[in-house]
Amino acid sequence: MNRTLSFFGRLALAAATTLIPSLAFAHSGGFHAHGFVDGLQHPLAGMDHLLAMMAVGIIAARAGGRGIIIVPSCFVSAMIAGALLGIAGIGLPSLETGIALSLVVFGAMMMLAKPFPLAVAASLTALFALFHGNAHGVEIPETASGIAYAVGFVVATSALHTTGALAALTLRRWPGAIRTAGVGTSVVGMALAAQII
């Protein structure tokens with residue numbers, strides 16, 4: 001069973017690395033928010049968001065106990081704060097680098113044999129959530145459709161957190177699968193960072 005998971009993990013890693021140039025960042029600057037459905041779909045449009053949101057769910061499940069609620073809640077709250085900064089015209093420095101680095105760090109957190117303490121896990125996810133939220137805040141128009149888009153984005157983010165947590169709980173008897181996913185997430189983050197430099 002472990003060999004099968006290892007094979008599929010390597011296959012997923014190879015596929016992810018191949019797809020990076022075409023998927024890259026979901027927020028290229030040319031995207032325009034139009035409403036709730038666009039907000040729901042947007043986290044699925046870029047490898048950076050999809051992997052980060054799933055990773056947060058996995059990190060939360062590994063933290064266990066209250067962490068399964070606290071870690072995603074801190075991420076979503078900080079993401080909203082980052083978006084509000086972006087809407088106000090305040091862009092965080094090295095925005096794309098911060099998002100790429102989030103994948104590297106989240107992947108490393110998934111690879112560890114033991115999870116970080118809850119306070120550290122929540123703080124790190126919140127820090128990087130500021131970058132993810134800020135990237136979209138600069139694109140969200142201050143209109144009703146912009147608000148609907150933001151609500152859709154938060155709902156989709158929460159759903160991806162839940163999916164990641166359920167995946168981690170399902171695979172807890174096969175920690176190698178989670179570590180392999182962590183390796184893949186970090187590799188994608190490093191590849192995205194290399195595209196920026």
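Isoleucine 59 is in contact (heavy atoms within 4.5 Å) with Val71, Phe106, Met109, Met110 and Ala121, when its neighbours within four places in sequence are left aside. The structure is a predicted model, in which local features need pLDDT of at least 70 and side-chain atom pairs count only at pLDDT 80 or more, whereas totals for chains, interfaces and linings use all residues. Residues are numbered from 1 along each chain as its sequence is written, and side-chain values use heavy atoms, with hydrogens and water left out.

Ile59 also belongs, together with Val71, Phe75, Met79, Phe106 and Met110, to the residues with the most contacts inside the largest nonpolar core, which has 36 residues. Such a core is a set of buried Ala, Val, Leu, Ile, Met, Phe, Trp, Tyr and Cys residues joined through side-chain atoms within 4.5 Å, where buried means under 20% relative accessible area, exposed over 50% and partly exposed in between (1.4 Å probe, protein chains only). At least two residues of this core are supplied by each of α3, α4, α5 (95-111), α6 (118-137), α7 (144-170) and α8 (175-196), and the largest share, nine residues, comes from α3. Helices are DSSP runs (H or I, at least four residues) numbered from the N terminus.

The axes of α3 (residues 47-63) and α4 (residues 67-87), as lines fitted to C-alpha atoms over the stretch in contact with angles between N-to-C directions running from 0 to 180 degrees, come within 7 Å and cross at roughly 145°. In this contact, Met53, Val56, Ile59, Ala60, Ala61 and Ala63 of α3 meet Gly67, Ile68, Val71, Pro72, Phe75 and Met79 of α4.

For α5 and α6, the axes come within 9 Å and cross at roughly 150°, and the two helices are therefore roughly antiparallel to each other (angles over 145 degrees). The residues that meet include Leu95, Val105, Phe106 and Met109 in α5 and Ala121, Leu124, Phe128 and His132 in α6.

Threonine 157, found in helix α7, counts as buried at 0% relative accessibility. Apart from its neighbours within four places in sequence, threonine 157 is in contact with Pro43, Met53, Phe75, Val76 and Met79. Glutamine 195, in helix α8, counts instead as partly exposed, because its relative accessibility is 41%; glutamine 195 and threonine 97 are 98 residues apart in sequence and 9.7 Å apart in space, C-alpha to C-alpha.

Terms used. Parallel < 35°, antiparallel > 145°, perpendicular 65-115°, else oblique.
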